[in-house]
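Visitor: I would like to learn how to read the packing in a model like this one. Please start with the general idea and then turn to the case at hand.

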Amino acid sequence: MVQKDLVHHYRAWCPLCFERWSAEGSTVYEPLLWLLKVVRVCPIHLQPLQVQCPRQSCQKRLPVLSPTSRPGYCSECGEWLGASSQSKILAAEKWTEGERIWREWVAASVGEMIAHAPSLLTKPCREKTASMIMSCAKQVTGGNFHELGRKLELDSTLIRRWKLGYFMQLEQLLRFCFPLGISPLQFLAEEAITIDPIIIEKLVAEDPPARHWVIYNKEKLQQKLEAELLVDYPTRSMQAVAKELGCQPLALTRCFPDLCQAIRDRHRTYQREIERT
Ligand SMILES: [Zn+2]
Ligand SMILES: [Zn+2]
(Lines give C-alpha, C1' and ligand atoms only; values in the text may rest on other atoms or scores of the structure.)
(Ligands and ions follow the chains in the order given, each with its own letter.)
Protein backbone atom coordinates (compact mmCIF):
# COMPACT_ATOMS: atom_id res chain seq x y z
CA MET A 1 0.00 0.00 0.00
CA VAL A 2 1.16 3.54 -0.67
CA GLN A 3 0.98 5.54 2.48
CA LYS A 4 0.50 8.95 0.98
CA ASP A 5 -1.72 11.16 3.15
CA LEU A 6 -2.19 8.45 5.72
CA VAL A 7 -2.23 10.62 8.82
CA HIS A 8 -3.67 13.96 9.85
CA HIS A 9 -1.48 16.95 10.52
CA TYR A 10 -3.82 17.97 13.31
CA ARG A 11 -5.14 16.10 16.30
CA ALA A 12 -8.41 14.16 16.35
CA TRP A 13 -9.83 12.73 19.57
CA CYS A 14 -12.75 11.06 21.27
CA PRO A 15 -13.95 13.18 24.24
CA LEU A 16 -15.65 10.12 25.76
CA CYS A 17 -12.42 8.11 25.77
CA PHE A 18 -10.52 10.98 27.43
CA GLU A 19 -13.25 11.30 30.01
CA ARG A 20 -13.29 7.60 30.79
CA TRP A 21 -9.52 7.29 31.17
CA SER A 22 -9.45 10.36 33.38
CA ALA A 23 -12.34 9.07 35.54
CA GLU A 24 -10.68 5.67 35.89
CA GLY A 25 -7.39 7.31 36.78
CA SER A 26 -5.66 5.60 33.86
CA THR A 27 -3.20 7.23 31.50
CA VAL A 28 -4.74 9.69 29.10
CA TYR A 29 -3.17 9.21 25.67
CA GLU A 30 -3.98 9.66 22.00
CA PRO A 31 -4.04 6.36 20.09
CA LEU A 32 -2.44 6.11 16.66
CA LEU A 33 -5.82 5.11 15.27
CA TRP A 34 -7.21 8.63 15.80
CA LEU A 35 -4.47 10.08 13.62
CA LEU A 36 -5.38 8.08 10.54
CA LYS A 37 -7.34 10.12 8.03
CA VAL A 38 -9.74 7.34 7.14
CA VAL A 39 -10.81 6.92 10.76
CA ARG A 40 -13.56 9.35 11.65
CA VAL A 41 -15.31 7.70 14.58
CA CYS A 42 -14.19 6.18 17.87
CA PRO A 43 -14.57 2.40 17.52
CA ILE A 44 -15.51 2.11 21.20
CA HIS A 45 -18.05 4.92 21.50
CA LEU A 46 -19.07 5.09 17.84
CA GLN A 47 -18.98 8.87 18.12
CA PRO A 48 -17.34 11.16 15.56
CA LEU A 49 -13.81 12.14 16.52
CA GLN A 50 -13.46 15.83 17.37
CA VAL A 51 -10.96 17.96 15.46
CA GLN A 52 -11.48 21.41 16.97
CA CYS A 53 -11.02 22.71 20.51
CA PRO A 54 -14.48 22.91 22.13
CA ARG A 55 -13.85 26.24 23.89
CA GLN A 56 -15.96 28.93 22.22
CA SER A 57 -13.17 31.47 22.13
CA CYS A 58 -10.61 28.99 20.77
CA GLN A 59 -12.09 26.44 18.34
CA LYS A 60 -8.65 25.81 16.90
CA ARG A 61 -7.43 22.76 15.07
CA LEU A 62 -4.48 21.50 17.02
CA PRO A 63 -1.18 20.44 15.47
CA VAL A 64 -0.07 16.89 16.19
CA LEU A 65 3.35 18.04 17.27
CA SER A 66 3.44 21.06 19.51
CA PRO A 67 5.86 21.86 22.33
CA THR A 68 2.89 22.55 24.61
CA SER A 69 1.00 19.42 23.60
CA ARG A 70 -0.40 17.39 26.47
CA PRO A 71 -2.71 14.42 25.90
CA GLY A 72 -6.31 15.38 26.59
CA TYR A 73 -5.73 19.14 26.60
CA CYS A 74 -5.84 21.89 23.99
CA SER A 75 -2.30 23.05 23.20
CA GLU A 76 -3.61 26.53 22.35
CA CYS A 77 -5.77 27.44 25.33
CA GLY A 78 -5.29 24.58 27.79
CA GLU A 79 -8.94 23.49 27.75
CA TRP A 80 -9.72 19.90 28.85
CA LEU A 81 -10.88 18.03 25.73
CA GLY A 82 -12.81 15.30 27.54
CA ALA A 83 -16.59 15.06 27.48
CA SER A 84 -16.98 16.88 30.82
CA SER A 85 -15.32 19.99 29.39
CA GLN A 86 -17.19 23.14 30.37
CA SER A 87 -17.23 24.10 26.73
CA LYS A 88 -19.69 22.65 24.33
CA ILE A 89 -18.46 19.78 22.20
CA LEU A 90 -19.08 20.78 18.61
CA ALA A 91 -22.03 19.05 17.04
CA ALA A 92 -21.22 15.96 15.08
CA GLU A 93 -21.17 16.07 11.33
CA LYS A 94 -24.39 15.04 9.69
CA TRP A 95 -23.83 11.60 8.27
CA THR A 96 -26.32 9.45 6.45
CA GLU A 97 -27.02 6.02 7.88
CA GLY A 98 -24.84 4.40 5.22
CA GLU A 99 -21.93 6.75 5.88
CA ARG A 100 -22.16 6.22 9.59
CA ILE A 101 -22.08 2.43 9.22
CA TRP A 102 -19.15 2.73 6.83
CA ARG A 103 -17.27 4.98 9.29
CA GLU A 104 -17.87 2.59 12.16
CA TRP A 105 -16.69 -0.34 10.08
CA VAL A 106 -13.56 1.57 9.02
CA ALA A 107 -12.67 2.47 12.62
CA ALA A 108 -13.15 -1.11 13.79
CA SER A 109 -11.27 -2.67 10.84
CA VAL A 110 -8.31 -0.30 11.03
CA GLY A 111 -8.23 -0.73 14.81
CA GLU A 112 -8.01 -4.47 14.23
CA MET A 113 -5.10 -3.99 11.81
CA ILE A 114 -3.23 -1.84 14.30
CA ALA A 115 -3.85 -4.31 17.10
CA HIS A 116 -2.73 -7.37 15.15
CA ALA A 117 -0.15 -6.22 12.70
CA PRO A 118 0.74 -2.51 12.70
CA SER A 119 3.35 -3.16 10.03
CA LEU A 120 0.51 -3.88 7.57
CA LEU A 121 -0.35 -0.19 7.58
CA THR A 122 3.02 0.84 6.22
CA LYS A 123 4.62 -2.18 4.60
CA PRO A 124 3.81 -2.67 0.95
CA CYS A 125 2.88 -6.18 -0.08
CA ARG A 126 2.33 -6.16 -3.83
CA GLU A 127 2.25 -9.85 -4.58
CA LYS A 128 -0.13 -10.53 -1.78
CA THR A 129 -2.46 -7.78 -3.00
CA ALA A 130 -2.33 -9.09 -6.56
CA SER A 131 -3.19 -12.66 -5.63
CA MET A 132 -6.00 -11.58 -3.32
CA ILE A 133 -7.51 -9.32 -5.97
CA MET A 134 -7.47 -12.19 -8.46
CA SER A 135 -9.01 -14.58 -5.98
CA CYS A 136 -11.83 -12.15 -5.14
CA ALA A 137 -12.53 -11.45 -8.81
CA LYS A 138 -12.65 -15.17 -9.52
CA GLN A 139 -15.13 -15.79 -6.73
CA VAL A 140 -17.48 -12.90 -7.47
CA THR A 141 -17.43 -12.43 -11.24
CA GLY A 142 -15.49 -15.40 -12.58
CA GLY A 143 -12.45 -13.18 -13.07
CA ASN A 144 -14.19 -10.33 -14.90
CA PHE A 145 -12.55 -7.17 -13.54
CA HIS A 146 -14.83 -4.74 -15.31
CA GLU A 147 -17.84 -6.40 -13.77
CA LEU A 148 -16.18 -6.55 -10.36
CA GLY A 149 -15.54 -2.81 -10.52
CA ARG A 150 -19.17 -2.20 -11.36
CA LYS A 151 -20.38 -4.38 -8.52
CA LEU A 152 -18.05 -2.83 -5.95
CA GLU A 153 -18.52 0.72 -7.28
CA LEU A 154 -14.79 1.01 -7.89
CA ASP A 155 -12.86 2.00 -11.01
CA SER A 156 -12.06 -1.25 -12.81
CA THR A 157 -8.80 0.22 -14.18
CA LEU A 158 -7.73 0.64 -10.58
CA ILE A 159 -8.59 -2.97 -9.80
CA ARG A 160 -6.60 -4.16 -12.83
CA ARG A 161 -3.62 -2.12 -11.65
CA TRP A 162 -3.75 -3.66 -8.19
CA LYS A 163 -3.79 -7.04 -9.86
CA LEU A 164 -0.61 -6.05 -11.69
CA GLY A 165 1.04 -5.18 -8.40
CA TYR A 166 0.36 -1.45 -8.11
CA PHE A 167 0.11 -0.27 -4.52
CA MET A 168 -3.24 -0.02 -2.86
CA GLN A 169 -3.89 2.93 -0.58
CA LEU A 170 -5.47 2.25 2.77
CA GLU A 171 -8.76 3.89 1.85
CA GLN A 172 -8.87 1.95 -1.43
CA LEU A 173 -8.26 -1.28 0.43
CA LEU A 174 -11.13 -0.46 2.76
CA ARG A 175 -13.46 0.42 -0.12
CA PHE A 176 -12.60 -2.88 -1.75
CA CYS A 177 -13.09 -5.04 1.35
CA PHE A 178 -16.25 -3.45 2.75
CA PRO A 179 -18.77 -4.57 0.11
CA LEU A 180 -17.16 -8.01 0.01
CA GLY A 181 -17.70 -8.47 3.75
CA ILE A 182 -14.04 -9.16 4.41
CA SER A 183 -11.76 -7.33 6.80
CA PRO A 184 -8.57 -5.61 5.58
CA LEU A 185 -6.64 -7.71 8.09
CA GLN A 186 -7.95 -10.89 6.46
CA PHE A 187 -7.14 -9.48 3.03
CA LEU A 188 -3.53 -8.70 3.95
CA ALA A 189 -2.68 -11.39 6.45
CA GLU A 190 -4.47 -14.54 5.40
CA GLU A 191 -3.22 -16.98 2.81
CA ALA A 192 -6.54 -17.32 1.04
CA ILE A 193 -9.97 -15.85 1.48
CA THR A 194 -13.43 -17.24 0.97
CA ILE A 195 -16.11 -14.65 0.41
CA ASP A 196 -19.41 -15.41 2.09
CA PRO A 197 -21.66 -17.04 -0.58
CA ILE A 198 -24.61 -14.93 0.62
CA ILE A 199 -22.65 -11.78 -0.19
CA ILE A 200 -21.65 -13.09 -3.60
CA GLU A 201 -25.24 -13.97 -4.33
CA LYS A 202 -26.36 -10.45 -3.40
CA LEU A 203 -23.62 -8.79 -5.40
CA VAL A 204 -24.39 -10.87 -8.46
CA ALA A 205 -28.16 -10.45 -8.21
CA GLU A 206 -28.35 -6.74 -7.48
CA ASP A 207 -26.83 -3.72 -9.10
CA PRO A 208 -25.22 -1.07 -6.97
CA PRO A 209 -27.91 1.65 -7.08
CA ALA A 210 -30.63 -0.73 -5.96
CA ARG A 211 -28.50 -2.48 -3.45
CA HIS A 212 -28.18 -1.43 0.14
CA TRP A 213 -24.55 -0.63 0.45
CA VAL A 214 -24.21 -2.49 3.67
CA ILE A 215 -24.15 -6.22 3.63
CA TYR A 216 -23.75 -8.15 6.81
CA ASN A 217 -23.15 -11.78 7.45
CA LYS A 218 -24.40 -13.45 10.58
CA GLU A 219 -21.20 -13.00 12.52
CA LYS A 220 -21.15 -9.27 11.76
CA LEU A 221 -24.79 -8.93 12.78
CA GLN A 222 -24.01 -10.58 16.07
CA GLN A 223 -21.09 -8.22 16.65
CA LYS A 224 -23.35 -5.26 15.89
CA LEU A 225 -25.97 -6.44 18.35
CA GLU A 226 -23.36 -7.06 21.03
CA ALA A 227 -21.95 -3.60 20.44
CA GLU A 228 -25.42 -2.13 20.83
CA LEU A 229 -25.50 -3.46 24.40
CA LEU A 230 -22.33 -1.55 25.22
CA VAL A 231 -23.35 1.81 23.78
CA ASP A 232 -23.86 4.53 26.37
CA TYR A 233 -27.31 5.87 27.09
CA PRO A 234 -29.64 6.78 25.42
CA THR A 235 -30.41 3.28 24.26
CA ARG A 236 -32.39 2.52 21.10
CA SER A 237 -35.43 0.42 20.44
CA MET A 238 -35.11 -2.95 18.73
CA GLN A 239 -36.98 -1.43 15.75
CA ALA A 240 -34.39 1.31 15.38
CA VAL A 241 -31.51 -1.16 15.65
CA ALA A 242 -33.05 -3.54 13.12
CA LYS A 243 -33.77 -0.71 10.71
CA GLU A 244 -30.17 0.44 10.80
CA LEU A 245 -28.98 -3.08 10.07
CA GLY A 246 -31.43 -3.38 7.20
CA CYS A 247 -33.23 -6.34 8.80
CA GLN A 248 -36.72 -7.11 10.01
CA PRO A 249 -36.88 -7.10 13.84
CA LEU A 250 -38.60 -10.49 13.73
CA ALA A 251 -35.87 -12.05 11.61
CA LEU A 252 -33.20 -10.70 13.93
CA THR A 253 -35.04 -12.02 16.98
CA ARG A 254 -35.29 -15.45 15.40
CA CYS A 255 -31.53 -15.54 14.78
CA PHE A 256 -30.40 -13.96 18.05
CA PRO A 257 -33.19 -14.35 20.62
CA ASP A 258 -31.07 -13.62 23.72
CA LEU A 259 -29.26 -10.62 22.34
CA CYS A 260 -32.48 -9.05 21.04
CA GLN A 261 -34.20 -9.64 24.37
CA ALA A 262 -31.31 -7.98 26.19
CA ILE A 263 -31.52 -4.96 23.86
CA ARG A 264 -35.27 -4.69 24.48
CA ASP A 265 -34.86 -5.01 28.27
CA ARG A 266 -32.17 -2.41 28.38
CA HIS A 267 -34.21 0.03 26.34
CA ARG A 268 -37.23 -0.53 28.59
CA THR A 269 -35.14 0.17 31.70
CA TYR A 270 -33.81 3.30 30.09
CA GLN A 271 -37.28 4.54 29.18
CA ARG A 272 -38.47 3.94 32.76
CA GLU A 273 -35.54 5.95 34.08
CA ILE A 274 -36.41 8.79 31.72
CA GLU A 275 -40.05 8.78 32.87
CA ARG A 276 -38.95 8.96 36.48
CA THR A 277 -36.82 12.04 35.99
ZN1 LIG B 1 -14.17 6.84 22.44
ZN1 LIG C 1 -8.43 25.54 22.79
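Guide: Two residues are in contact if their C-beta atoms, placed from the backbone, lie within 7 Å. Keep in mind that this is a predicted model.

Visitor: Which residues does Leucine 49 touch, not counting residues up to four places away in sequence?

Guide: Leaving out residues up to four places away in sequence, Leucine 49 touches Ala12, Trp13, Cys14, Trp34, Arg40, Val41 and Cys42.

Visitor: How should I read a nonpolar core?

Guide: In soluble globular proteins, nonpolar side chains tend to be buried together. Here the largest nonpolar core has 43 residues, and Trp13, Leu49, Leu173 and Cys177 touch the most other members. Among the elements that give two or more residues to this core are helix H1 (15-24), helix H3 (97-116) and helix H7 (170-180). H7 gives the most, with seven residues.

Visitor: How do I read a helix pair, and at what angle do H4 and H6 pack?

Guide: Look at the angle, the axes and the contact. H4 and H6 pack at about 125°, with their axes 7 Å apart. That angle makes H4 oblique to H6. H4 brings Thr129, Ala130, Ile133 and Met134 to the contact, and H6 brings Ile159, Trp162 and Lys163.

Visitor: What is the contact of H4 with H6 by class?

Guide: The contact has five nonpolar residues, one polar and one charged.

Methods: Residues numbered from 1 in each chain as written. Chains lettered and ligands numbered in written order. Predicted model: local features only at pLDDT ≥ 70, side-chain atom pairs only at ≥ 80, totals over all residues. Core = buried A, V, L, I, M, F, W, Y, C linked by C-beta atoms within 7 Å. Buried ≥ 20, exposed ≤ 12 C-beta atoms within 10 Å, placed from the backbone. Helix = DSSP H or I, 4+ residues; strand = E, 2+ residues; numbered from the N terminus. Axes fitted to C-alpha atoms, helices over the stretch in contact; angles between N-to-C directions. Parallel < 35°, antiparallel > 145°, perpendicular 65-115°, else oblique. Nonpolar A, V, L, I, M, F, W, Y, C, P; charged D, E, K, R; others polar.
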